[in-house]
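Hi everyone, thanks for coming.

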Amino acid sequence: MSSTKAKPPWNSEHEVSIIHKGKSTADLHNCKGDKKKIPYLAIVSTPAVWGIWIGALGDLFAVQLIHIFSPLYLHEVLGYSVQKTGWTAALPVLFHFFVKICAGHSSDRITGIAETTKLRIYNSLALGLAGVFIAALAFVPKGYPTWGIVLMTLSTAMFGFNGGGFNKCATLVSRQYSHFVMAIIQVILCLSMLISPIVVHSMLSTGSIDEWRLVFLSHAAFLIICNAIFCALATAKPALFAVQCANLYTLR
């Protein structure tokens with residue numbers, strides 16, 4: 001179904017208004033059939049976009065730490081057997097899945113709060129609170145596996161709020177050019193998958209609990225810093241490059 005139709009016969013007026021919500025005049029009319037050029041320079045010159053990418057950087061690097069190295073931590077530090085490590089390592093990811101669904105839905109449903117404020121709240125839950133839990137995880141001593149898995153689960157679950165944070169901000173700021181901004185986030189994801197194991201491995205020469213503490217504290221600090229930068233630059237308003245095409249259409 002095309003979202004550019006003024007009133008498809010099988011959609012109600014209410015459904016069409018939801019489809020058109022937040023779209024520019026240029027999007028709805030497809031700029032009179034002209035092929036849109038992506039304003040790359042304007043996009044990378046926008047502070048809010050850099051806030052989105054920095055927020056994604058902190059989130060994705062910390063996620064790789066949990067996804068890749070949690071089985072090693074559970075087995076070598078918390079003392080879980082190889083058999084129990086498998087399903088225990090999957091538990092945080094399962095909670096992350098459910099939180100992500102609920103967070104995305106609630107972000108769209110909650111009213112009475114400014115959209116920019118919601119972006120900052122949800123991103124602070126995803127990065128800031130996750131950073132606090134990871135920092136707490138750094139001080140779990142050997143012999144307390146339950147506390148370790150609880151804190152790891154809480155930190156991983158908090159990442160589910162990113163759908164109402166930097167991810168949502170990307171679509172609100174870049175609008176019809178969100179595919180490019182989101183593509184860079186995917187590039188950051190790929191880079192984090194390559195770089196994170198190298199960084200963590202370089203910090204775990206012996207795998208001692210003190211080295212794990214350094215790993216967790218450094219990732220927690222990185223999360224909190226990235227979240228602070230995002231909150232400073234975040235906005236729910238479309239960027240200038242996202243409305244230029246609409247203005248051009250109006251002039252025509």
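In which hand, left or right, does H6 pass H7? The crossing is left-handed. Before I go on, please keep in mind that this is a predicted model.

Let me show you where these two helices sit. H6 covers residues 115-137 and H7 covers residues 145-158. Their axes lie 8 Å apart, and the packing angle is about 165°. Because anything over 145 degrees counts that way, H6 is roughly antiparallel to H7.

Now, who is touching whom? On the H6 side, the contact is made by Leu-125, Ala-126, Leu-129, Ala-130, Phe-133, Ile-134, Ala-136 and Leu-137. H7 answers with Gly-148, Leu-151, Met-152, Leu-154, Ser-155 and Met-158.

How many disulfides does a search of the whole structure find? The count is zero. Take Cys-169, which is in no disulfide: the nearest cysteine sulfur belongs to Cys-231, and that is 10.0 Å away. For a disulfide, the two sulfurs would have to be within 2.5 Å. Cys-231 is likewise in no disulfide, with the sulfur of Cys-169 as its nearest at 10.0 Å.

And are these two buried or exposed? Cys-169 is buried, with a relative accessible area of 0%. Cys-231 has a relative accessible area of 18%, and because the cut-off for buried is under 20%, Cys-231 counts as buried too.

That's my tour, and I'm happy to take questions.

Notes. Residues numbered from 1 in each chain as written. Predicted model: local features only at pLDDT ≥ 70, side-chain atom pairs only at ≥ 80, totals over all residues. Heavy atoms only, no water. Buried < 20%, exposed > 50% of the residue type's maximum accessible area, 1.4 Å probe, protein only. Axes fitted to C-alpha atoms, helices over the stretch in contact; angles between N-to-C directions. Helix = DSSP H or I, 4+ residues; strand = E, 2+ residues; numbered from the N terminus. Parallel < 35°, antiparallel > 145°, perpendicular 65-115°, else oblique. Left-handed = near helix turned anticlockwise from the far one by under 90°. Contact = heavy atoms within 4.5 Å.
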